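Subject: Structure handover

Hello,

Here is the structure I promised to pass on. Please open it alongside this note; my findings follow below.

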Amino acid sequence: RALARCSAVVPFRLGLEFGSEAEVSDLLRLNAAELSSRLRRFRGCVEMGLKARVAAPTGDELLGLRTSLDRVRALAKRPADRRERLARDRHGTILDGCYLIPRRAVVEFWRALDDIRRAVPEVPLLGSGPWAPYGFCDAPLRRSAGETQMARWSR
């Protein structure tokens with residue numbers, strides 16, 4: 001039913017091996033409740049991305065970035081709708097974030113990024129989206145009554 005309603009976006013990667021169309025149908029039948037729940041969660045939402053690099057972070061830069069991010073984070077209402085990680089390499093610290101936000105908030109997201117650029121102009125910033133919410137599609141899928149497999153969309 002998920003494929004029939006919306007063949008463009010199914011919230012899991014069809015990267016599992018199947019021997020037949022019947023196996024695909026069985027997977028969808030076994031996981032209908034979980035997949036339907038995911039689709040309801042994503043209805044009207046998109047994924048937006050943000051990357052920022054802080055070469056040699058000063059207290060002011062980090063404070064400016066952290067304070068400015070509050071507006072972006074507020075668009076993704078629940079903590080589960082935000083994924084952020086900091087990574088360090090020889091060039092500095094990179095913030096990599098993705099946010100599940102209402103489609104109607106896309107313009108506000110871009111405004112928030114413009115505000116971050118003004119608040120900390122020395123920090124290179126890249127925004128992306130809107131995307132389908134693949135970054136939030138971790139789903140345990142049952143392939144049979146006793147077998148569970150984790151599926152995750154990857155871009």
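**Aromatic pairs**

Two aromatic pairs turn up in the structure. Bear in mind throughout that this is a predicted model.

Tyr-99 and Phe-109 make a tilted pair, with 6.4 Å from centre to centre and 50° between the planes. This pair ties together distant parts of the chain: Tyr-99 belongs to strand β3 and Phe-109 to helix α5, 10 residues apart. Tyr-99 and Phe-109 are both buried.

Phe-109 also pairs with Trp-110. That pair is edge-to-face, at 5.4 Å centre to centre and 80° between the planes.

Are Phe-109 and Trp-110 buried or partly exposed? Phe-109 has 0% relative accessibility, so it counts as buried. Trp-110 has 27%, so it counts as partly exposed. The cut-off for buried is under 20%.

Look at β3 next. The strand covers residues 92–102. Nine of its 11 residues are buried, so the rest of the structure largely encloses it.

Which strands pair with β3? One is β1, residues 45–54, which runs antiparallel to β3 over 10 bridges. To find your place there, take Ala-52: its bridge partner in β3 is Leu-95.

The other is β2, residues 82–89. Strands β2 and β3 are also antiparallel, joined by eight bridges. Here Arg-85 has Asp-96 of β3 as its bridge partner. A hairpin of two residues connects β2 to β3.

**Nonpolar cores**

The largest nonpolar core has 22 residues. Which of them touch the most other members? They are Leu-50, Val-72, Tyr-99, Ile-101, Phe-109 and Ile-116. Strands β1 and β3 and helices α4 (59–75) and α5 (106–119) each contribute at least two residues to this core.

Leu-50 deserves a look on its own. Setting aside residues up to four places away in sequence, Leu-50 touches a list of residues that includes Leu-69, Val-72, Leu-95, Asp-96, Gly-97 and Tyr-99. Also on that list are Phe-109, Leu-113, Ile-116, Leu-125, Leu-126 and Gly-127.

**Cysteines**

How many disulfides does the structure hold? It holds zero. Cys-45 has 18% relative accessibility, so it counts as buried. Cys-98 has 14%, so it counts as buried too.

**Pro-124**

One last stop. Pro-124 sits in the loop between α5 and β4 (125–131). Its relative accessible area is 48%, so it is partly exposed. The cut-off for exposed is over 50%.

What does Pro-124 contact, leaving aside neighbours within four places in sequence? Its contacts are Lys-51, Ala-52 and Arg-53. Pro-124 and Lys-51 are 73 residues apart along the chain, yet 8.2 Å separates their C-alpha atoms. Ala-52 is also the residue that bridges to Leu-95 in β3.

**In brief**

- Strand β3, with β1 and β2 as antiparallel partners.
- The loop residue Pro-124, with its contacts to Lys-51, Ala-52 and Arg-53.

Best wishes

Technical notes
Residues are numbered from 1 along each chain as its sequence is written. This is a predicted model: local features need pLDDT of at least 70, side-chain atom pairs count only at pLDDT 80 or more; totals for chains, interfaces and linings use all residues. Side-chain values use heavy atoms; hydrogens and water are left out. Buried means under 20% relative accessible area, exposed over 50%, partly exposed in between (1.4 Å probe, protein chains only). Helices (H or I, at least four residues) and strands (E, at least two) are DSSP runs, numbered from the N terminus. Two strands pair if DSSP finds at least two bridges between them. A nonpolar core is a set of buried Ala, Val, Leu, Ile, Met, Phe, Trp, Tyr and Cys residues joined through side-chain atoms within 4.5 Å. Contact means heavy atoms within 4.5 Å. A disulfide is a pair of cysteine sulfur atoms within 2.5 Å. Rings of Phe, Tyr and Trp (its six-membered ring) pair if their centres lie within 6.5 Å; planes under 30 degrees apart count as stacked, over 60 as edge-to-face and the rest as tilted.
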